[in-house]
Each structure stands twice: as C-alpha cells, then as structure tokens.
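The entries follow the model.

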2 protein chains.
Amino acid sequence: MARLVAEMTMSLDGFIALPDDSVNGLFDWYNNGPVEVPTARPDMTWHVTEASAMHLRRTMSTAGAMLVGRRIFDLTHGWDGRHPIDCPIVVLSHSVPDGWPRDGIPYTFVTTGFADAVRAATALAGDKDVSLAGPDIIRQAIDAGLVEEIRVNLAPWILGHGIRFFDNLAAAPVKLEQTAAIQGDAVTHLYYRVLPRI
Amino acid sequence: MARLVAEMTMSLDGFIALPDDSVNGLFDWYNNGPVEVPTARPDMTWHVTEASAMHLRRTMSTAGAMLVGRRIFDLTHGWDGRHPIDCPIVVLSHSVPDGWPRDGIPYTFVTTGFADAVRAATALAGDKDVSLAGPDIIRQAIDAGLVEEIRVNLAPWILGHGIRFFDNLAAAPVKLEQTAAIQGDAVTHLYYRVLPRI
C-alpha cells in the first residue's frame, strides 16, 4: 500500500515561504548545477548538482500520486494543468475551483475532508508513494499518524518570518529517525522516517 | 582576530528546548556512539560516532572563549565551575550572580552590555574563535553582523513548541553559504558561513 511522504523546501529557521508566499532564495538549488533533470513539463527543466539530481529522480520516480491543499493549487494556478511530477494529483478543498476538473488532466478534487482525500490519493498511488505538499496537509497527516517519511530540502537561509513547514502539530513531540543527508549545492536533502508514537 | 561562531543543537522545527527548558531527546547524539571524546570535566565523557567526534574535536579545539547569556549560565549552574570546553567564559548579564566570580575559575561577568561582552570574549579568544551559545546572545550577534559561522547540530525531532534557535531577528532574511553537512547518528552537523548583507 502507498506510503505517505511529506516533502518541502525549508529555510534553516523552518520557513517554506515569506508571509507574502514568495520564496526568497529557497528554491535556488533547482537551478544551480550542471545536471539536467527534465520534468513532465516541456517548459521546465531543472539544472542541479548530481546529488540533487539523484534526490529529484528518487522523488519523481517514487511518487504515485500527490496530495496537496487548495492554497498551493491556487498559488501555482494548478500548475497550469501539468505538475512537474508526472502523476495524478488530489486537491483537498472546501469547494471545486471554477473551471475544474478538466478533460485529460489527472486532478481529483476532494471536498469531503482529509480522510477522503487520503483515501483517493492512496488508491491512485498504487504501490508507489503519496507525496504530500503544503504545511496544512502535512500537519493533518502527521497528526493522524499517517506520514512514514519526511524529506526536507534544507536551504541556507534564515528567513525570520513567514509560513512554517511544521506548525501547530498536536502530535508533537515527534521522534524521527534520520536515514539520509545528501548534500547538494545550497541545499541539503534530509530524509527522516517518522517513528511510531510510544 | 577572533571569529564569532554560533553553535547549538536544534530540532528539525527549529527549537533548542521545550518551554520548560528540558531538551527532550535533542542531546541523545552526545551518547550514542563508540568513540570516546573526553571533555575538560573529569565527570563528563561523550560517546559519539566518529563523525560527531570529528565535529566535537573541531569545536573544542577552535574555541578560544565562549560568550553566553545569563540564562544558560543559571540553567547549568555555571557548569559547576567547569565548562566541558576548556576555555574562558564570558557571561553577559544584568548583574553578577551571587558567589561569582570565583578564584581559579575563568569566568568573566559583563554587565555593561552586549558590545562590551563581545570585546571581552574577543580579547580572551586571541587567534581562536569566540563560541556563542544561547539564542538571545546569538540573535544580538547576528543582528550586529558579527557572526561569521553558524553550526547547527540538527536533531531528528519535531518538538512542536519551545525556545527557538532563531527568533525575532531584525537582520533577517540572512543568506548563508553551507560549507559542510556531517552526518552522525541522530544528528547532522551543518556548517554555514554567514554572507554579508547586500
């Protein structure tokens, strides 16, 4: 059955974006190396270090579905109908956005709550992972004890304020087991297994 | 001249302690490996991985003086007069604690403000580093543009709440250059150079 994996890029002080949703230099590592990593989008190719390429290929090849919140969907304009990772996407939302769903675009909108969204994403992912994006989705999944792995792309910034990766977790403290630390350029990819609560 | 280096152990979500100053499992990495690292205290020997031993030896051999806040001094009871790192210690405080200073113990108490404390520690450190501990001291030093290096011992915990390593920084966003990521067991030692503000 699909594992739930949470992954985001985060500053050293725990932010995924500034208060206005801009990301400052957090995403610089997607374009600071010699290795080309094509995405599902013809207009988007990443240029990264070999270490980051290895990480990105792993994320892209293991994601069977993505589960995201409405906020990220709106901020990215639904990735213009094509997410860089070529997999079905489940959007948890209070309502279906205007103009969606669209023919030929593998996005599913779930308006009946988090548990249903997880079920939908898990079914779509098959034997692969459900990749979680967005702090609110990730918070709910950690609190429900459903997240098996957390991947943090740690970027060399102290942002000072903004939107936190981890906030208001009812389940905290959460013990992790670090399984990898892959050093790229302007990023370290940190992999953690979430340990069962005692 | 002495460089100012900030180092603390931090959870993945940015905390150095819980609200009651307890550290949960953050410091487990000091005692989970086969390599003995003696300290200046006869009653304290760390047992760590070879990677963490290398990191600890570096910190201990490069620290020419420590600059700490009164809060840490009180919490540790002044390290019973002997800090594990064998170097002079400067304590920034509003007042000199009762019973201090003491003969033969290389602690200096500065009550005339942060700048004077930095001057005292820098003079004591000589060609070595001034090691900063305590989030309030580190915040002031970063805001003053004085910190050259930040070392974070990143521990595999999400604490959820507590005392943050980085908080209320006027200087943020601060751009860093990551210079090392050393993976121990239950810790990754992250080294950052603080880049000049643009």
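Strands here are DSSP runs of E with at least two residues, helices are runs of H or I with at least four residues, and both are numbered from the N terminus. Trp100(B) and Pro101(B) are joined by a cis peptide bond, with omega about -5 degrees.

I noted the ground rules. This is a predicted model, where local features need pLDDT of at least 70, side-chain atom pairs count only at pLDDT 80 or more, and totals for chains, interfaces and linings use all residues. Residues are numbered from 1 along each chain as its sequence is written, chains are lettered from A and ligands numbered from 1 in the order in which they are written, and side-chain values use heavy atoms, leaving out hydrogens and water.

I turned to chain A. A cis peptide bond links Trp100(A) to Pro101(A), omega about -5 degrees. Pro101(A) sits in the loop between strand 6 (89–92) and strand 7 (107–110) of chain A.

Next I checked positive phi values. Asp21(A), a residue other than glycine, has phi near 75 degrees. I placed Asp21(A) in the loop between strand 2 (15–17) and strand 3 (35–38) of chain A. Asp21(A) is partly exposed, at 25% relative accessible area. Buried means under 20%, exposed over 50%, partly exposed in between (1.4 Å probe, protein chains only).

Asn168(A), also not glycine, has a positive phi near 55 degrees. I found Asn168(A) in the loop between strand 11 (163–164) and strand 12 (174–183) of chain A. Asn168(A) is exposed, at 61% relative accessibility.
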